[in-house]
Amino acid sequence: MQEREEMILLVLRDNTALPNVKQRIDVFSLKGMLALNSAQKDNVPVFAVKQNCTKTDIESEEDLCEFGTVCNIVDVKKNGNGISVTLEGLKRARLEDLSATAPFYKGGVIESPGKLFDVEFKHNLYKGILYKDIKEMEKLGYPVRQAVWLAFEKNSDIYTIMDLIAAGLDGLDKQEYLNEYDSELKAQKLSATLKAEVYKLNIIKDIEKKLDNSLKENQKEFLLREQIKVIKKELGDDDKEFEEMKTQIGALKASDEVKEKISKELSRLERMNISSPEYGMIRNYLDIVLALPWGVYTEDNFDLDHIRKVLDEDHYGIDKVKTRIVEAIAVKKLAGKDNKAPIICLVGPPGVGKTSIAQSIARALGKEYLHMSLGGIRDEAEIRGHRKTYIGSMPGRIMTCMSKAKTSNPLFLLDEIDKMTSDMRGDPSSAMLEVLDPNQNANFRDNYLEVPFDLSQVMFIMTANSLSTIQKPLLDRMEVIEMDGYTQDEKYEIARRYLVPKQMKQNGISEVEVEFDKGAIDKIIDDYTKESGVRELERQIAEVCRKIATKVVGGENISYRLTADNVSEYLGVEKYQGDSDIVSGEVGAVNGLAWTSVGGVTMPIEVRMLPYGSGKIVLTGSLGDVMKESAEIAVSLIKSKTKELGIDGDLFNKNDIHIHVPAGATPKDGPSAGIALATAVLSAVTGKSVKDKLAMTGEITLRGKVLPIGGLKEKTLAAQRSGIKTVIIPEQNKKDMQELPKCVLDNIDFVLADNISKVFECACGVSI
């Protein structure tokens, strides 16, 4: 029995070292480089063994081949991020066990030379056979290593010659050759491989002879492809790929029209020369069409209790959205495929959870989830695809996403549909009509595919910050659900239930004892954020968690409690000072309320009577046309009431009026600032101060009628965030107060006005 020897292992991923052969191998693994450095330093051989798995780290000897080669290290050179080593194979050996794994691999190795030739006759016989095979290969142009001829000249033993031939033979599985125990079987396999190579070379020679007379210099690529084609035919697998495609077409759950179109394209591909530019185009087309989920549907989960549970787990509040989703699922369960999937558009400011609610719906229903951002898309081909005849053509993004879904009834989120634009390359909004319209999308035709695809069972959900930029025909196809901003209490619950645990986990402090008390969260909401959603709130909580993580790594205590008093230690000075952006109890200054795409905001309006002029109105603050007209109407209304107000009529002839809305760099427009402008002008003219902590919204007419407005919930939430206590709204908006949160109704005193006289009386105590 051979003696076991402990050796350093050099694990090879793609190479096999053979005895009696010098070969250069590149090593890039850290353990491999450490093993070579150690062996070279101690001047000991290594055991080169091939890895038989794809693992990064070897765990046991089962992950390595049983047989390898004991090698001397001849030369080591630096090679980029690794090293290049020349190994000299000494002897065949067997790996007994893996005894160590750090900093490099070691193992028990037993020499295993294998079974030698039993008679001298066979030794000389196989040497002659191999010499004849090698000589034949050289005649056909195969590059034979010089070391092989030197071995024959020196009359080396058959074992050395066999190893040298095997090392230079590309068609031989070298590890299988090394594993073979019987030298006679080794020689037979080697000879068979050499004869197969000679056969291939003869075929190539015949091909070259047949084509030599007709080929020109610019047909080299054609020659190579024809060689591949003839070789495939000789091997018998020429039509295997086309047969697989035919099987796939037959198995499609598509209409006869679709199958006929695909079959025609496949027939064209079979008859086409592989070097033709159109070959690649048709092949790419077939790959894309066959990847689509024709008639493949997943079964939806219609358990309404489960759906409500999932939606409640992921999101706090937004009951209107949850109720609508549950209704849609209930209808779908009863109507089946007769019910077209609803096209829901979630509209609201950033950070209120429009995208995440779509992910929760997909999880609740057990649907595949697809996401496609429409922001900045201006090319119609992005939706409908390019014509197949164009160079570089491809399907539209809708069908590209569908091919990834593997099902024809996924949930498809079209994000930021209000950000689509149009230019000379077409109008993508119009292209979306065919995608979304339930009466058209059952036969949606992508320009690239040229066959109809059924999108009627896809559940489309869209998100938008504003409806004003969406085309009316497209908006008509949608069911709009508004997702308004969150109240203080809702933000607190969202932070406590979702944001704090999420950020603690993401920042690696979930195992640390950290407590955010209510006062700390409320202070972050009040003094460090000013938004309708909770995105900035999550950023502030993440910043606190990062500070705590830094302290933990620094070795400080592992218990932290955040209160309203120590939040500033983590987040610095307060960013917002409550009602710092509002005016209170001043002459000629009123708080207006405005709706924007990012939620409601307070909008102070300032008016001053200049001690000179001729009654000219000066407007500043980047006002839009609508607000400019509102300002002129407000001034005209006050001028018409000079007698009732006891104002000198010449006041407007001798003084200019300057109306300014702060933050001049921000454009402002909209039909809801009329009563605020009129009140500010009244206050400036009469010298009466406006009531403290009061805001208002509404438009007026020249007769003094107060007109209704939109976005009441967002505006009143902004008023609550700014500390407003009284809000004047149009009387016609009384019906909208039913949708206001309880905290808004409890903390704000609403005054309903149908005429400007009531506004003046409430705001300035002036009766007309």
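Which residues line the second largest cavity?

## An enclosed cavity

This is a predicted model. A search of the whole structure finds three cavities of 30 Å³ or more. The second largest cavity has a volume of about 70 Å³. Its lining is made up of I134, M137, Y142, P143, V144, R145, V148, L164, I165, G168, L169 and L194.

Sorted by class, the residues lining the second largest cavity are ten nonpolar, one polar and one charged. Two helices, α2 (120-139) and α4 (158-167), each contribute at least two residues to the lining of the second largest cavity. Empty space of this kind is found by a probe: rolling one the size of a water molecule over the atoms shows where space is left.

## Two nonpolar cores

In soluble globular proteins, nonpolar side chains tend to be buried together. The largest nonpolar core in this model has 54 residues. Within it, the residues with the most contacts are F412, L414, I417 and L436. Helix α10 (residues 277-291) provides the largest share of this core, six residues. Another core lies apart from it and has 52 residues, including I318, I481, M504 and V544.

What does F412 touch, not counting residues up to four places away in sequence? The list consists of L370, M372, I398, C401, M402, V458, M459, F460 and I461.

## Helix α16

Helix α16 covers residues 428-436 and is mostly covered, with eight of its nine residues buried. The buried residues are P428, S429, A431, M432, L433, E434, V435 and L436. One of them, L436, is also among the residues with the most contacts inside the largest nonpolar core.

The buried residues of α16 pack against several elements. Three of these are helices: α14 (381-384), α15 (397-405) and α17 (472-476). The strands are β9 (411-415), β10 (444-445) and β12 (459-464).

## A678 in helix α25

A678 is part of helix α25, which spans residues 674-686. Is A678 buried or exposed? A678 counts as buried because its relative accessibility is 0%, and the cut-off for buried is under 20%.

Leaving aside neighbours within four places in sequence, A678 is in contact with A634, I638, I700, I756 and F760. A678 and A634 are 44 residues apart along the chain, and their C-alpha atoms are separated by 4.4 Å.

Conventions
Residues numbered from 1 in each chain as written. Predicted model: local features only at pLDDT ≥ 70, side-chain atom pairs only at ≥ 80, totals over all residues. Heavy atoms only, no water. Buried < 20%, exposed > 50% of the residue type's maximum accessible area, 1.4 Å probe, protein only. Helix = DSSP H or I, 4+ residues; strand = E, 2+ residues; numbered from the N terminus. Contact = heavy atoms within 4.5 Å. 1 Å grid on protein atoms, 1.4 Å probe; cavity = no way out; pocket = protein on both sides within 12 Å on 5 of 7 lines; lining within 4 Å. Points joined across faces, edges and corners; volume = space filled by probe spheres on them. Nonpolar A, V, L, I, M, F, W, Y, C, P; charged D, E, K, R; others polar. Core = buried A, V, L, I, M, F, W, Y, C linked by side-chain atoms within 4.5 Å.
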